[in-house]
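Hello,

Here is the structure we spoke about, for your files. My notes on the chain come after it.

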Amino acid sequence: QVQLVESGGGLVQAGGSLRLSCAASGNILSVIHMGWYRQAPGKQRELVARIITGGNTNYAESVEGRFTISRDNAKNTVYLQMNSLKPEDTAVYFCNALLITTSGRNYWGQGTQVTVSS
């Protein structure tokens, strides 16, 4: 059974910072990519940032220059450092991982709330 466990969400004032973590555990043979999506009330889930095995990254235009995604390959953990947060960053943030396992490929975390007050 593969699980993604997220941590690090919370309430912060505009201009502040938060760091999200997501650890993948279980029978993981290989990681293709890991990343973060977010979903605000009444909006569709959108990609925030993704890191591919090998280190290539891509970001949503709205977070470019403010957010940084990184990964600890040994721990199958991905991080999202969020700086200069804005109220429009308020959303539930979901970890996503595309893995090679014995039981599936695409996995999601349970979500963590990020609220940015103005």
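The notes below go from the whole chain to one residue.

This is a predicted model, in which local features need pLDDT of at least 70 and side-chain atom pairs count only at pLDDT 80 or more, while totals for chains, interfaces and linings use all residues. Residues are numbered from 1 along each chain as its sequence is written, and side-chain values use heavy atoms, with hydrogens and water left out.

The C-alpha trace spans about 45 × 25 × 20 Å along its principal axes. Of the 118 residues, 45% count as buried, meaning under 20% relative accessible area with a 1.4 Å probe, protein chains only. Contacts (heavy atoms within 4.5 Å) with a separation of 6 or more come to 54% from residues 24 or more positions apart.

Now to Thr-102. This residue sits in the loop between strand E9 (91-101) and strand E10 (106-108). Thr-102 is exposed, at a relative accessible area of 59%, where exposed means over 50%. Beyond its neighbours within four places in sequence, Thr-102 contacts Asn-27 and Leu-29. With Asn-27 there is also a side-chain polar contact of 3.1 Å, that is, a pair of N or O atoms within 3.5 Å, one able to donate a hydrogen and the other to accept it; residues adjacent in sequence count only if both atoms are side-chain atoms.

Regards

Key: Helices (H or I, at least four residues) and strands (E, at least two) are DSSP runs, numbered from the N terminus.
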